[in-house]
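Hi everyone, thanks for coming. Please have a look at the model on the screen, and I'll walk you through a few spots in it.

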Amino acid sequence: MIIMDLKLDNLKAFHHFHMNMAYPKKVVNSSIPEEHLSHHPNFRYKKLNIILGANATGKTSIGILLRDIFGFISKKSYGQLVSNIADRRSPAMFQIDFIPDGTYELYRLKTVFEASENGYFTNEMIHASVGSVTIHTDDNYERCASRLEKLPSQNLLWNVALEKIPAFAWYLTRPDSAALVNLQNKANKNYLKIFDTTLKAIDPSIVKVEAIPGTDASYLIKPKNTDILIQQGEILKPELLSSGTRAGIDIADMMAWVINQWSAFFYCDEKFSYMYTDIEKAFLAVMVEKLPSDGQIFFTTHNLDILDMPYPKHSFTFLKKDVNQPDKPISCIYASDFLKRNTDSLRNAVENDLFSAAPSVDKVYELADFTKDDRL
Amino acid sequence: MKNYCYFVEGQDEKKIIDTLKTELKLIQPGKVQIVNPVQERIKASRLNSLTMDTTIILVFDTDTSSAQILIQNINFIKSRPNISKVVCITQVRNLEDELLRSCSISHIRELTNSKSDREYKSDLIKISNLANRLNACGFEQSKFWAKQASGVFGQIVNQADEIRKIR
């Protein structure tokens, strides 16, 4: 699954939001080789999408919406998706251009939810149209998108339209720190080894990770002198794990999916917030290296050290929120639009807020003006 | 790696600086904080979070009667180990006058297409195409932040040329 273009309107905090994953020119000596659709060298797409932005700029919301859009497509169920509509008395829309796994077809799904006076939705209020074009060997995204625009509109029920979309796999994480973890039910040796290696990378005090035979999704993590049990996805005594090690369990599962290529699409949302910067950079580098052909990663982070990694400038997207623009509060800023030369320092650009996307710290400093209040 | 940080009086100055640095690329990029260096004492906490070798750029109006707090702030900022330089930009007498001088407009409301001059500030903060509006109003960078203040601010040299980008 490759996402090429995403438009969102009246979903969560997004209004007239647009994000594009094509890039215009081949990068010489790129650290991400073959960054195009396989056998289609002109169909360039961002395999790695590092998304940065201040708090509440939509990094997690994009992941949630993609999860719900994918669920809408695969399960033909709209309940979860409509829960994201910000104002139900106004229409909501999303449009996504994508290439399903194992195809060379560019699909466009556009879905409109009519305004609902009473807040409820029926089938007749949902309008979905699906179109697809074959990607020719010398095509780029723009040419295919242009052909998609010219396709005649259809008059199908939304669930019938969705039947046209082939099945695809995806893997999305969220920065939750719940006691429940998402682990494979019946781990094979390879999965256990990845789980074991990942946790030891994060916490060298861990001696061993074992699957508990005859049980579902149950594992034993063995630091020195203690055992931590994960039973059917629930960590018993999570307080025995550091927040980094706890996050490591989710990361281990994700790494297993990457290495085993059980999915080609990954949305990794701030899974490394509790990790030392070198660890985060190393995991990202491995994820990119092990990404399958025609794979794609979205990686959200607050860690500015990631900016020093030698990935192409087009790999970096900044989300900017402007409360003074209610029509379009969140927008994408692509580093490659501002930094054209290899020698341009992305880190320097961010440190000096070239993109005018840095959060305001003024309210924090207002706290320094507060005085204590002795009244009870 | 050199870092720059603007200390400006209000949201309107921030909007102008963001536009000049990001869309028009006319000035040195830097983060912008809203603190009035003429009226407020700058606290150590605000400076301690800045990286080594940061240049602070103070942008302030010169239509007040005392420069005492400003001078104290300049000396305090210069004393901080992580601050390499302080650059002063004197707005004569204020941002509105600077914009009137550097654009081909008679009234400030023309810049933002506001109903009245009083509404220009709030409209300026909300406008989404300020770069286009500045260009449409004939904005000339060489006339913006180009005057030397007089009176109590006469002792402060306008150093705006140090942050202009050569085009």
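This is a predicted model: local features need pLDDT of at least 70, side-chain atom pairs count only at pLDDT 80 or more; totals for chains, interfaces and linings use all residues.

Let's begin with Arg93(B), which sits in the loop between strand E4 (83-91) and helix H4 (95-102) of chain B.

Now over to chain A and its pocket. How much volume does the largest pocket have? It comes to about 1,200 Å³. Its lining is made of 42 residues, and the closest to the centre are Lys320(A), Lys321(A), Asp322(A), Val323(A) and Ser356(A). Two chains take part: strand E14 (316-321), strand E15 (330-334), helix H8 (335-338) and H10 of chain A each give two or more residues to the lining, and so does helix H1 (11-23) of chain B. Which element gives the largest share? That is H1(B), with seven residues.

You'll find Ser356(A) in the loop between H9 and H10 of chain A. Its phi is near 50°, a positive value in a residue other than glycine. Is Ser356(A) buried or exposed? Its relative accessibility is 7%, so it counts as buried.

Asn29(A) has a positive phi of about 55°, and it is not a glycine either. This asparagine lies in the loop between strand E2 (17-20) and strand E3 (48-53) of chain A. Asn29(A) is exposed, because its relative accessible area is 75%.

Back to the loop between helix H9 (346-351) and helix H10 (362-366) of chain A, where Val361(A) has its place. This valine is partly exposed, because its relative accessibility is 30%. Together with Val364(A), Leu367(A) and Phe370(A), Val361(A) forms a nonpolar patch on the surface, and the four share about 400 Å² of accessible area.

Val133(A) belongs to strand E6 (residues 126-134) of chain A. With a relative accessible area of 8%, Val133(A) is buried. Its C-alpha atom is separated by 22 Å from that of Glu34(A), which is 99 residues away along the chain.

Key
Residues are numbered from 1 along each chain as its sequence is written. Chains are lettered from A and ligands numbered from 1 in the order in which they are written. Side-chain values use heavy atoms; hydrogens and water are left out. Patches are made of residues with over 30% relative accessible area and no salt bridge: like charges are joined within 9 Å, nonpolar side chains (Val, Leu, Ile, Met, Phe, Trp, Tyr) within 5 Å. Accessible areas come from the Shrake-Rupley method with a 1.4 Å probe; for residues, only the protein chains shown count as cover. A salt bridge is a side-chain nitrogen of Lys or Arg within 4 Å of a carboxyl oxygen of Asp or Glu. Helices (H or I, at least four residues) and strands (E, at least two) are DSSP runs, numbered from the N terminus. Buried means under 20% relative accessible area, exposed over 50%, partly exposed in between (1.4 Å probe, protein chains only). On a 1 Å grid over the protein atoms alone, a cavity is a set of points where a 1.4 Å probe fits but cannot get out, and a pocket is an open set with protein on both sides within 12 Å along at least five of seven lines; lining residues have an atom within 4 Å of a point. Grid points are joined across faces, edges and corners, and a volume is the space filled by probe spheres set on the points.
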